[in-house]
Amino acid sequence: GPMIEAREVALSFGETPALRGATLTVDAGEVLAVMGPSGSGKSTLLHCLAGILVPDAGEIHIAGRRVDTLDESARSALRRDEFGFVFQFGQLVPELTAVENVALPLLLAGTRRRAAVAEASGWFGRLDLEGLQQRRSGELSGGQAQRVALARGLVARPRVLFADEPTGSLDSLTGEHVLDLLVASAREQGTTVVVVTHEARVAAYADREVIVRDGKVTAPVLS
Ligand code: ADP
Ligand code: ADP
């Protein structure tokens with residue numbers, strides 16, 4: 001069955017309606033690109049699906065379980081146990097080394113330090129980051145930092161990876177490389193991906209694309 005089912009999701013920030021009845025289904029293992037103009041509601045939709053924001057109306061089911069009605073601690077556990085995240089500006093913890101950043105989700109899930117660091121380290125070869133384990137985020141290029149963020153998003157083998165403009169801070173060639181690795185790694189472990197972007201080229205990496213316009217999800221006119 002579907003991994004994500006969102007029905008008629010609505011959310012306003014004060015007087016500003018960000019989502020106005022967004023309906024979306026994402027199959028397990030699918031890579032979905034969520035496109036649309038700036039301010040159309042893409043990030044808000046992603047934050048609702050990921051249990052970061054609670055909608056005013058509608059329903060969200062993840063793997064058959066209703067999640068929009070969960071309280072904050074249950075949503076926090078859901079994010080920790082089932083989801084991975086990649087944001088526009090890597091958002092690595094600057095005080096930690098690259099490998100410690102990648103190990104974080106495993107440590108939060110209760111994995112012992114030695115095993116977490118070993119598992120995290122395994123991602124460095126896979127993502128063309130060989131030898132950079134001990135660097136801090138300030139010592140990495142934008143593309144390297146974004147690949148470290150990607151490893152952190154996938155290391156705990158989440159059911160769903162939520163990526164919000166994961167290449168937005170990168171030049172186009174570096175961005176292509178990160179996207180290529182993101183999609184290949186997710187497919188390898190069967191992770192469902194929801195990637196929000198305003199960049200048309202991202203759609204080429206996805207199984208399907210939807211457009212968010214004025215807070216609603218629509219299919220592309222041509223695909
Ligand atoms: P997109 O990701 O497509 O650029 P967003 O989901 O960020 O769109 O924003 C949708 C609308 O909601 C915009 O009008 C935006 O200004 C507004 N918005 C988003 N987040 C907030 C917030 N925290 N407070 C107030 N308004 C917000
Ligand atoms: P993105 O759409 O890529 O997430 P934004 O710059 O739109 O980036 O939003 C960055 C942060 O600011 C988000 O947490 C969003 O919820 C918040 N935000 C966006 N628009 C507004 C707004 N009009 N007022 C307050 N916060 C906003």
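Is aspartate 214 buried or exposed? Select this residue to begin the tour of a model that is predicted. Aspartate 214 is exposed, with a relative accessible area of 58%.

**Stop 1**

Most residues other than glycine have a negative phi.

Next, select arginine 157, which is placed in the loop between helix 5 and strand 7. Phi of arginine 157 is near 50 degrees, again a positive value in a residue other than glycine. With 54% relative accessibility, arginine 157 counts as exposed, because the cut-off for that class is over 50%.

**Stop 2: the largest nonpolar core**

Now select Val148 and Leu150. The largest nonpolar core has 39 residues, and these two touch the most other members. The elements that give two or more residues to this core are strand 3 (31-35), helix 3 (98-108), helix 4 (113-126), helix 5 (142-154), strand 7 (160-164), helix 6 (172-189) and strand 8 (192-196). Helix 5 gives the most, with six residues.

Which residues does leucine 150 touch, not counting residues up to four places away in sequence? Display its side chain and look for Val86, Leu127, Leu161, Val178, Leu181 and Leu182. Apart from this core lies another, of 30 residues, which includes Met3, Leu19, Val210 and Val217.

**Stop 3: helix 5 beside helix 6**

Select helix 5 and helix 6 together. Their axes come within 10 Å and cross at roughly 15 degrees. Helix 5 is therefore roughly parallel to helix 6, since angles under 35 degrees are placed in that class. The crossing of the two helices is right-handed.

To see the contact itself, show Gly143, Gln146, Arg147, Leu150 and Leu154 on helix 5. Their counterparts on helix 6 are Thr174, His177, Val178, Leu181, Leu182, Ser185, Ala186 and Gln189. Coloured by type, the residues of this contact divide into six nonpolar, six polar and one charged.

**Stop 4: helix 3**

Move to helix 3. Eight of its eleven residues are buried, so this helix is largely enclosed by the rest of the structure. After helix 3 comes glycine 110, whose phi is positive, near 100 degrees.

**Stop 5: threonine 25**

How many residues apart in sequence are threonine 25 and valine 99? They are 74 residues apart, and in space the C-alpha to C-alpha separation is 34 Å.

Threonine 25 lies in strand 2 (residues 16-27). Its relative accessibility is 37%, and threonine 25 therefore counts as partly exposed. Show the residues around threonine 25 to complete the tour: not counting residues up to four places away in sequence, threonine 25 touches Pro2, Ile4, Glu5, Glu30 and Arg208.

How values were computed:
Residues numbered from 1 in each chain as written. Chains lettered and ligands numbered in written order. Predicted model: local features only at pLDDT ≥ 70, side-chain atom pairs only at ≥ 80, totals over all residues. Heavy atoms only, no water. Core = buried A, V, L, I, M, F, W, Y, C linked by side-chain atoms within 4.5 Å. Buried < 20%, exposed > 50% of the residue type's maximum accessible area, 1.4 Å probe, protein only. Helix = DSSP H or I, 4+ residues; strand = E, 2+ residues; numbered from the N terminus. Contact = heavy atoms within 4.5 Å. Axes fitted to C-alpha atoms, helices over the stretch in contact; angles between N-to-C directions. Parallel < 35°, antiparallel > 145°, perpendicular 65-115°, else oblique. Left-handed = near helix turned anticlockwise from the far one by under 90°. Nonpolar A, V, L, I, M, F, W, Y, C, P; charged D, E, K, R; others polar.
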